[in-house]
Amino acid sequence: MGQENNLTQKRTTSTGGLPTTTTTTTTNSRNRTLPRGRQIQKTFNNIKITILCGFVTILVLRGTIGVNLGTSQNDAVNAAVIEETNRILAEIRSDSDPSDRNQTETFMSLNETYALGPKILNWDTERTSWLDKNREYPNFVKGKPRILLLTGSPPKPCDNPIGDHYLLKSIKNKIDYCRLHGIEIVYNMAHLDMELAGYWAKLPMIRRLMLSHPEVEWIWWMDSDAFFTDMVFELPMSKYKDYNMVIHGYPDLLFEQNSWIAINTGSFLFRNCQWSLDLLDAWAPMGPKGPIREEAGKILTANLKGRPAFEADDQSALIYLLLSKKDKWMEKVFLENSFYLHGYWAGLVDRYEEMMEKYHPGLGDERWPFVTHFVGCKPCGSYGDYPVERCLSSMERAFNFADNQVLKLYGFRHRGLLSPKIKRIRNETITPLEFVDQFDIRRQHEGTVEPKN
Amino acid sequence: MLEKYLGAQRARKFQRFLNHCKVTILCLFLTIVVLRGTIGAGKFGTPEQDFVDIRNRFSSRKLSEPHRILGEIHSTTSSSSRSDSSTTSTTNYNDFDINTILVDEEEEEEQGDEFEKRSSNEPYSLGPKISNWDEQRSKWIRENPNFSNFIRPGKPRVLLVTGSSPKPCENPVGDHYLLKSIKNKIDYCRLHGIEVFYNMALFDAEMAGFWAKLPLIRKLLLAHPEVEFLWWMDSDAMFTDMAFEVPWERYKDSNLVMHGWNEMVYDEKNWIGLNTGSFLLRNCQWSLDILDAWAPMGPKGKVRDEAGKILTRELKGRPVFEADDQSAMVYLLAKEKEKWGDKVYLENGYYLHGYWGILVDRYEEMIENYHPGFGDHRWPLVTHFVGCKPCGKFGDYPVERCLKQMDRAFNFGDNQILQIYGFTHKSLVSRRVRRIRNETSNPLEVKDELGLLHPTFKAVEVSSSS
């Protein structure tokens, strides 16, 4: 380009336009002593060339790297579709609801008292007379009391997709256990009472089910992050005939240490009776969202050992209730710790291989835990209290550990506790019923047969 | 040097000419590059397209534009997060890739499992041939009176079977819809006294995909002799009539009940003449035999592809793809009508399977004009979202329509459950619920309108010992 410049200059000089022509013939030799005007023009030309080169460079770069400014028709359409789909997925996963755009959130003030519903005083008699009149809905089936398992999850998709996958595995696990033991399941995905949202949502649902289903003798609440890991073990219901609530906990932690983890409300049973309705009514007041729950949280942190500062949760509230009104309630509460009605996962999940080697299903305790409860993992949210890899791989192991016990009847097991694939452990046969007799878990509870290995 | 040959002035002219040429060529080159970069010179395309072509050639998948979207979104979010997270101790679930912990344990497969059934030379079979299943089963039922195959006279013991893959869905919201679907089935089955089996295991790697139900069904029939009817239901089908009870008496002489039309299957050989997304199969020898006759088109690979070609040729309206279980069933029934036809009942009096496209827009009209319990076009028993594939990346229909309509169908069914307890969804698209009946201090006097609280089809026999 510089050469061209010189050539044009040479041409101009040959037509003789500019006054200072005598010195231009020597421009090739890089003479520094140029007159001012010439210098300016040269600079100007250089700038022009620089701009031109810059422009060409940008165009070339755009062509090669593809810095798309959206001129292509196809790209525009593609981008629109992607954006639309993103919007749909975001809408599905958001908390907003098309029906309550105009509502603003109102919280109960500290003066108001919350009630789960109108007070019922004669539930036991009502229930007994209903059962008499409706004998086709007995509360004892084949000698065992009728149990209803209640679990649930929020109605919107989890903050991350893997959470929904583990909710699915969790409900499959519960379906398997309940099918083997004749228990019905209610999976709740509705917030019956917006004030008692979050972990408190179980209270209105439990009450509602008790009152609608008098034929149900026990209601068993189980968290969505709890997995059955002993498919053979059955609750020893005869042990609880004088009690109305069965919950996993330790008396010394509760009464001596006032620890906030003395009991666990992730897995507990409530008898369907007046006493339970009263307990629910006494339990609920700390629950309503807003200032009531915040204030209650402060009281609980002050009174319970080891409790961090956060809003009131149902477990701490129950502990506080049982401690403060011990004489009224504790008589009918059974603190179960002879088996893992709730089993804290961290001490259990690494030992599954050892358990498979040494023990057998049906024990329910530390040798073969009944329930493995993944407290703190919170796979449905964005952040848990533990590293993600540890939580998810442990949940997968617990699921497969339980699934092996179900698949045994069909002659299969998982290839490994982390593997989704299965392998055969028994040949196919033309007389499958002998294996059914041997391996079906339901048949192992006929009479008092010891569960086989 | 040139001056020697041409003389000084000539040399200068020549040199000038050379300079001009150089400049011209340079400019021409730049012009071509720029033009190619912006417009794309015909079939050479832009460099960006070159890059995409090369990438596509090395990866074997062919993606069609509109359906690629969900895959892109998922992969961009996961790859962008993967790049900037420390994997060992993150507590953020969004940064995590599940595939790092699922171990397929390839080493074990290579060694060969001691119980693997067959070599690849033998023709495929679901299992060793059983010829006396009816006798074996009736003997077992006699010996085990606690596990009778009829809960009440006229009410057989039914096992509803459904399932999905043990790995997370490729679509980020797919698992959520699977969860809602299983909740919907749990609710219906609880009301109707039906047991549920949710399968997440692939029993036979050769029969993967839609054929996976065949080995599963056979295994369940043989392991559960007390089950009289096995009800297979796809994971993308939802119950929308909670009050409808299947007319079991109607099928006392049939062993296989599917939704379909006789003319479309036997006369027209139409590939959608029946639907295998929701069907009933009796637990008997005949069923084992038909499963054995159904299976041969299933094994993955050459067998399935070749069978697909036969089916496309023989059946009306079938597009070209590998053999699927539904087409194979149509073909089997049309070809061997005398052998199987008299025990197959093609039901079209109610929607044992209801194609969603013609139903979902009419829900509001149904709510206004009819009530649950019909099971037919007035209030469908099952709304089946064929083609939506919410768990996968590619469906046959637009994403928004599928997912929104699945929400509506779920709420439509869920309203019937919630009304038992005095609630309903605020609208068919809303997740929130509102009260429709006040709490009362006499809860036992309340009757729900549909009679689903203590329905007759769930009652136990009064004479049974407790």
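**View 1. Leu18(B), a partly exposed residue in a nonpolar patch**. With a relative accessibility of 40%, Leu18(B) counts as partly exposed (buried means under 20% relative accessible area, exposed over 50%, partly exposed in between, using a 1.4 Å probe and protein chains only). In this predicted model, local features need pLDDT of at least 70, side-chain atom pairs count only at pLDDT 80 or more, and totals for chains, interfaces and linings use all residues. Residues are numbered from 1 along each chain as its sequence is written, and side-chain values use heavy atoms, without hydrogens and water. You will find Leu18(B) in helix α2 (residues 8–38) of chain B; helices are DSSP runs of H or I with at least four residues, numbered from the N terminus.

**View 2. Helix α12 of chain B, largely enclosed**. Let's move on to residues 325–335 of chain B. Here 10 of the 11 residues are buried, so the rest of the structure largely encloses this helix. Among the buried ones are Asp325(B), Met329(B), Tyr331(B) and Ala334(B).

**View 3. Where chain B meets chain A**. Chain B brings 113 residues to the contact and chain A brings 122, where contact means heavy atoms within 4.5 Å. There are 6 salt bridges between the two chains (a side-chain nitrogen of Lys or Arg within 4 Å of a carboxyl oxygen of Asp or Glu). Helix α7 (residues 174–192) of chain B gives the most to the side of chain B that touches chain A, with 10 residues.

**View 4. A salt bridge between Lys219(B) and Glu428(A)**. The closest N and O atoms of this pair lie 2.6 Å apart.

Note on methods
Chains are lettered from A and ligands numbered from 1 in the order in which they are written. Patches are made of residues with over 30% relative accessible area and no salt bridge: like charges are joined within 9 Å, nonpolar side chains (Val, Leu, Ile, Met, Phe, Trp, Tyr) within 5 Å. Accessible areas come from the Shrake-Rupley method with a 1.4 Å probe; for residues, only the protein chains shown count as cover. Helices (H or I, at least four residues) and strands (E, at least two) are DSSP runs, numbered from the N terminus.
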